[in-house]
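Student: Please take a close look at one part of this model, the place where the two chains meet. I would like one connected account of it, with the terms spelled out.

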Amino acid sequence: MKWMSMKNWVLCGLVLATMTGCHPDLWNQDRYEPLESGASVFGEGESSARMLVEGTVPYQGAKLDDAYYRGRNTNGELLTALPEQMTLSRELLKRGQERYGIYCSPCHGDQGAGDGMIVQRGFVPPTNFSAPRLLESPVGYYFEVMTNGFGRMYSYASRIPVEDRWAIAAYVRVLQLSQNATPDLLTDELLNKAKNPPAPKVEAGHGAGHEADNHENKEEAKGEH
Amino acid sequence: MISLNGKGNSVAPVFPPGVNSLVRWSIAGGVVLVLTVVGLASALYWSPLVTDVNVAKEQPVPFSHHRHVSANGIDCRYCHTTVETSSFAGIPPTETCMTCHSVILNDQEMFKPVVDSWESGKPMEWTRLNDMPDFVYFNHSIHIDKGIGCNHCHSNETAKIEDMRLTVKAQTFHMSWCLDCHKDPSQYIRPKDEVFNMDWEPGSVDAKNSYEAFGVANQEELGAKLVKDYNVEVEQLTNCSICHR
């Protein structure tokens, strides 16, 4: 009985052998994924994602509003209050706090003293937000610095959306207040707390939602300071 | 012996008697052989040779998540800025590296490819580790937005993303792996503000704090609550067109 020729056996074996590692065309289709190399079309070392041609003008959403996009009013002066698109609220400050923690605290530190971990690793220390020059700077100044960069600090315009930059600028004001508050600003309850601080809690585990703290604890445990 | 002519005259046997047991043994042997081949094939299919799980690939620069995340406390989103908003999680541009490394380590030989990329304007060519097949529609942001944590997909028991000296793929991303969660996301879903907490996993200390905060006893109860609160439409999640469109 000869129900399968030698050639078919060999083919069958080859199919079985390659089945696990085989990636037919459907796996990698003829289209670019984000950031895929565009070497075959644009030349060696080129990305498939292209830079905008110089002089490109957006056909919609042009950023003409100087106050909102650049932090300056029509006279070219830095804004002293949030632009009309932004509403100061607890939510905005919470958002600013979160985004400050992600993008700013590595250098500026959690309290804005300019002592973040990257500074401890050797980066140029930024000015303390409570320095007189910065206390007097209008809120538009912080927006402008985030947008254009300042000194050793690169621009964050491509990384932090406009509304988040305003939220962070508002939160910087919170930090400044927190470091320069006078007793008359406190409610009786808070004043009482400040005068009679509760005994520090000794916690066994990590508290929920304190990522930064966790990392610090972890590092101490590993002794890699 | 078989009688062929009906007269009781037996014909000389075609096969010697020993063939009977040989036939029996070869049936057993065939079964064993098939099982062995299937077993080996499946072992190969699940092995790092094919899945790439826990395999470090050659990269232009030996980037360490351990140094940046565990040791320096940098949030994922500092570099992966679009994870919350884009279907594509994103690899940071050279500008992001240079934000700190214009000052730190920039004179080191191993860092040269980044400096070269910065000066030439040609992007870094990292070796991709987590790559869905092109017939899979995958949106990164929806997973973040519905309370699936980074470490659920990017860490495993032996390799935690925040502690990786060299980055590796942590899960197989087989269809069965995806479906495990798509069938019942309540097993893994967590509060949205714990998504970036690398110490949160069902049953961990941080998870127990969440259970307490939500007034529930365990992951089962928290999961059921969050699936409802976050409008996760579980009955839709196993539709073919959710991932293949």
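Tutor: Between chain A and chain B there are 12 residue pairs in polar contact, both residues at pLDDT 80 or more. A polar contact is a pair of N or O atoms within 3.5 Å; within protein, one must be able to donate a hydrogen and the other to accept it, and residues adjacent in sequence count only if both atoms are side-chain atoms. On the side of chain A that touches chain B, the elements giving two or more residues are helix 4 (90-103), helix 6 (117-120) and helix 11 (211-222) of chain A. Helix 11 of chain A gives the most, with 6 residues. Helices (H or I, at least four residues) and strands (E, at least two) are DSSP runs, numbered from the N terminus. By residue type, this side of chain A divides into 14 nonpolar, 15 polar and 14 charged. Here Ala, Val, Leu, Ile, Met, Phe, Trp, Tyr, Cys and Pro count as nonpolar, Asp, Glu, Lys and Arg as charged, and the others, Gly among them, as polar.

The model is predicted: local features need pLDDT of at least 70, side-chain atom pairs count only at pLDDT 80 or more, and totals for chains, interfaces and linings use all residues. Residues are numbered from 1 along each chain as its sequence is written, chains are lettered from A and ligands numbered from 1 in the order in which they are written, and side-chain values use heavy atoms, with hydrogens and water left out.

In contact terms (heavy atoms within 4.5 Å), 43 residues of chain A meet 47 residues of chain B. The two chains bury about 4,000 Å² between them, 51% of it on carbon and sulfur atoms. Buried area is the accessible area (1.4 Å probe) that two parts lose on being put together, summed over both.

A salt bridge is a side-chain nitrogen of Lys or Arg within 4 Å of a carboxyl oxygen of Asp or Glu. One such pair is B:Arg128 with A:Glu33, whose closest N and O atoms are 2.7 Å apart. B:Arg128 lies in the loop between helix 6 (112-120) and helix 7 (140-145) of chain B, and A:Glu33 in the loop between helix 1 (6-18) and helix 2 (39-42) of chain A, so this pair joins two chains. The side chains of A:Glu98 and B:Arg77 also meet in a salt bridge, at 3.8 Å from N to O.
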